[in-house]
Amino acid sequence: MVGVPRAIWNLWFSEAERAYHLGGDEFEQELYAEAISHYDKAIQLDPDDASAYNNRGVVYGYLGQDVNAMEDFDKAIQLDPDYAWAYY
């Protein structure tokens, strides 16, 4: 999360959440490999986070890795069938 002091960030968020938000920041900067790496870490730390799978799937889609993207979207839906973003 850009603009939030690191000490505050560490108090507010778990390690998995920090990795997730770093992935989002990197995606916005078009640093796709780095974003995937942070989403990988977020998923490793919290394998039940549907939004992390979804967001990693979006990054894979931007990279033209459609099979990986669909696998992540499917996993997000499996974890949370009501997670609407994964259906797009």
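Predicted model: local features only at pLDDT ≥ 70, side-chain atom pairs only at ≥ 80, totals over all residues.
Helix α3 comprises 14 residues, 32-45, and spans 20 Å between its first and last C-alpha, close to the 20 Å expected at 1.5 Å a residue. The buried residues of α3 are Tyr32, Ala35, Ile36, Tyr39, Ala42 and Ile43. Viewed down the helix axis, these buried residues of α3 lie within an arc of 120° and therefore line one face of the helix. Their packing partners are α2 (15-28) and α4 (50-62).

Within helix α2, attention falls on Glu26. Glu26 has a relative accessible area of 13%; because this value is under 20%, the residue is classed as buried. The side chain of Glu26 is joined to that of His38 by a polar contact of 2.8 Å. Residues up to four places away in sequence aside, Glu26 touches Leu31, Glu34, Ala35 and His38. Among these, Ala35 is one of the buried residues of α3.

Helix α5, formed by residues 66-79, likewise has 14 residues. The distance from its first C-alpha to its last is 20 Å, close to the 20 Å expected at 1.5 Å a residue. Ala69, Asp72, Phe73 and Ala76 are buried in α5. These residues cover an arc of only 100° around the axis, so they are placed on the same side of α5. Val67 and Gln78, on the other side of α5, are exposed. The cover over the buried residues of α5 includes α4, a helix against which the buried residues of α3 also pack.

Definitions and conventions: Residues numbered from 1 in each chain as written. Heavy atoms only, no water. Helix = DSSP H or I, 4+ residues; strand = E, 2+ residues; numbered from the N terminus. Expected span 1.5 Å × (residues − 1). Buried < 20%, exposed > 50% of the residue type's maximum accessible area, 1.4 Å probe, protein only. Arc of directions from axis to C-beta. Contact = heavy atoms within 4.5 Å. Polar contact = N/O pair within 3.5 Å; in protein donor to acceptor, adjacent residues only side chain to side chain.
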